[in-house]
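Visitor: I've never looked at this protein before. Could you walk me through it?

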Amino acid sequence: MNILEKTHDRKAFKALKWAFPYTIPIFAGFWFLGIAYGIYANASGFSFVYPLIMSMAIYGGSLEFITVSMLLSPFAPVQTLIMAIMIQARHLFYGISMLDKFKGLGWKKYYLIYGMCDETFSINYSAEIPEDVDRGWFYFFVTLLNQIYWVSGATIGGLMGDLISFNTKGLDFAMTALFVVILLDQWLKEKHHMSAWIGMISSVVCLLLFGADDFMIPTMICILVLLTAFRKPIENPEKAGDAK
């Protein structure tokens, strides 16, 4: 039993060491935006307990910012539900994309589903995990570390709110910049860029067709359909080239 426990602990620790470097850019972005969110919530009249609990329970950056204004507005549960679904609907597509990766992970799967966010999905979906690193523990620690960054940042911001106040307009661009860095990193690692081109072209086409306010969900649907249709050549570009 002790040997099994030690082996289990070694696997987890090795996965943690491998996962941590992937989350360092997320740490910088999450702390910056999380602290700004905590200060914003405090400036709106909420104690640090609110951003602490909301960052743990909601765990959706854009939705949490909007939740602050919702809590200050007249009670409207139906509109709030619709707004939350519209903002976070993209996570449905993230979940569908991760179905195969989460198979056989036991209890970890439930936390991975709960803790999935944009940045965590980007890392877990695209990371190249060595064969000697436990895949389930790697996904788990990426998810856990990212959530710790966000929750701690929001809480610190809530505590600092009484001391510091500033205009948070435009701070959400930090997450956009973070995604650009992740895209560039993935682009440099891949020899073939079919998935990246699918994402960029789908986004531009849907933006032109549906407008800036309504293009996100159609884009996700388009990307999901195209990635499913071209799954084999994306996963095995060499074989696809040989077949031609």
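**A first look around**

Visitor: Which residues is Phe138 in contact with, leaving aside its neighbours within four places in sequence?

Guide: Contact here means heavy atoms within 4.5 Å. Before the list, a word on the source: this is a predicted model, where local features need pLDDT of at least 70, side-chain atom pairs count only at pLDDT 80 or more, and totals for chains, interfaces and linings use all residues. Residues are numbered from 1 along each chain as its sequence is written, and side-chain values use heavy atoms, with hydrogens and water left out. With neighbours within four places set aside, Phe138 is in contact with Ala15, Trp18, Ala19, Tyr22, Ile123, Asn124, Ala127, Ile129 and Val133.

Visitor: Why does Val142 count as buried?

Guide: Val142 sits in helix H8 (residues 135-160). Buried means under 20% relative accessible area, exposed over 50%, and partly exposed in between (1.4 Å probe, protein chains only). Val142 counts as buried because its relative accessibility is 0%.

Visitor: How many Å separate the C-alpha atoms of Val142 and Thr23?

Guide: Beyond its neighbours within four places in sequence, Val142 is in contact with Ala19, Thr23, Thr120, Ile123 and Asn124. Thr23 is 119 residues from Val142 along the chain, yet their C-alpha atoms are separated by 6.5 Å.

Visitor: Why are the buried residues of H5 on the same side of the helix?

Guide: In helix H5 (residues 90-97), the buried ones are Arg90, His91, Phe93 and Tyr94. They end up on the same side because, going by the directions from the helix axis to the C-beta atoms, they cover an arc of only 155°.

Visitor: How many helices and strands does the protein have?

Guide: Helices (H or I, at least four residues) and strands (E, at least two) are DSSP runs, numbered from the N terminus. Read from that end, the elements go α-α-α-α-α-α-α-α-α-α-α-α-α. So the definition gives us 13 helices and 0 strands.
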